[in-house]
Amino acid sequence: MQKLLVANWKENPRTEAGALKLFKETAAAKRKNVDVVICPPFLYLEEIATAFRKMKARNELALGAQDVFWEERGAFTSEVGPKMLRSLGARYVIIGHSERRRDFKETDAMVNKKIKLALKDGLHVILCVGEPLVVRKRGIAAAQHFIKNQLKKDLAGISKITARDRGIRLAVAYEPIWAIGSGKNDNPEDAAAMADFIKKLLKVELKIQNSRFLYGGSVHGKNIRDYVQYKSIDGALVGGASLKAGEFKKIINQTNG
Ligand code: PGA
């Protein structure tokens, strides 16, 4: 399966001009057999999509959003629906990031509703899951148990939707919470074991075929290879390192097929 790199800019950069500059620099990286998705804040999507349309080498590059609402339209102040995102040029969306679960009390039931509508409305979904440090300290089996619970709730009832495109619009990003922004990336071998565990769970129990597995948490130019060398790890979700075009280009270069 072709590798996938997702840049999660979070609430950065501070200005639209800064966002455009970062986008153009990042988009200039040579991409070969690697899908690259840039997820800027909602507010910058339109300007970046306009710049994107004018670019010559658009292959294997796409835009995404960092969140989406579970209703298409209506009286839901400040929310943004999947069709709105698509109309601005976004093809992907990140759902259930641990920062949203922690800071905005997003529950698995909310995540599940968001995934359902986003897939129904034609977006590719990057679902984030990950265990806290207290769980991981109890060992890999405890972490797998935690992730299994999360995935069963987040993906409940979606096999009917994913069956239509054989699951290719779903990626699960495994991001151990303690590894995000901490500089303490997970042991690649453990991440690969989690990839096998998640892929089997999706296929056998949840009846979802062909989804991609991404690792996320303190990924940078020097450690990305340790992950993508595994066949089961289809790429990475990158936060901090995606804000430095040079560093993200290194990540792309290391992943290029
Ligand atoms: P990080 O963030 O790469 O800065 O650890 C990853 C993420 O939150 O998606």
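Predicted model: local features only at pLDDT ≥ 70, side-chain atom pairs only at ≥ 80, totals over all residues.
**The barrel**

Eight strands form a closed barrel in the order β1-β2-β3-β4-β5-β6-β7-β8, and their pairing is parallel. From one strand to the next, the twist averages 25°. In general, the strands of a sheet pair through backbone hydrogen bonds, and the pairing is either parallel or antiparallel.

| Strand pair | Sense | Bridges | Source |
|---|---|---|---|
| β1 (residues 3–8) and β2 | parallel | six | |
| β2 (residues 34–39) and β3 | parallel | three | |
| β3 and β4 (residues 90–95) | parallel | three | |

Asn8 stands opposite Cys39 in β2. Val36 stands opposite Leu61 in β3, and Ile38 has Leu63 of β3 as its bridge partner. The path between these two strands leads from β2 through helix α2 (residues 45–54) to β3, and this β-α-β crossover is right-handed.

Which residues of β2 are buried on each side of the strand? Val34, Val36 and Ile38 lie on one side, Asp35, Val37 and Cys39 lie on the other, and all are buried. Six of the six residues of β2 are therefore buried, where buried means under 20% relative accessible area. Strand β3 (residues 61–65) is likewise mostly covered, with five of its five residues buried. Leu61, Leu63 and Ala65 point one way from β3, while Ala62 and Gly64 point the other way.

**Helices against the sheet and against each other**

Helix α2 lies across β3 and β4, and its direction is at about 170° to that of β3. Helix α7 (residues 140–154) also packs on the sheet, where it touches β5 (124–129) and β6 (170–174). The direction of α7 makes about 145° with that of β5.

Two packed helices are described by the angle between their axes and the distance between the axes. For helix α1 (residues 16–27) and α2, the angle is about 35° and the axes are 10 Å apart. The crossing of α1 past α2 is right-handed. On the α1 side, the contact is made by Glu16, Ala19, Leu20, Phe23 and Lys24. On the α2 side, it is made by Glu47, Ile48, Ala51 and Phe52. The residues of this contact comprise six nonpolar, no polar and three charged.

**A buried arginine**

Arg136 is located in helix α6 (residues 133–136). Why does Arg136 count as buried? Its relative accessibility is 12%, and buried means under 20%, so Arg136 falls in that class. Leaving aside residues up to four places away in sequence, Arg136 touches Glu131, Ala143, Tyr174, Trp178, Asp186 and Asp190.

How values were computed
Residues numbered from 1 in each chain as written. Heavy atoms only, no water. Buried < 20%, exposed > 50% of the residue type's maximum accessible area, 1.4 Å probe, protein only. Helix = DSSP H or I, 4+ residues; strand = E, 2+ residues; numbered from the N terminus. Pairing = 2+ DSSP bridges. Right-handed = clockwise from strand over helix to strand, strands pointing away. Axes fitted to C-alpha atoms, helices over the stretch in contact; angles between N-to-C directions. Left-handed = near helix turned anticlockwise from the far one by under 90°. Contact = heavy atoms within 4.5 Å. Nonpolar A, V, L, I, M, F, W, Y, C, P; charged D, E, K, R; others polar.
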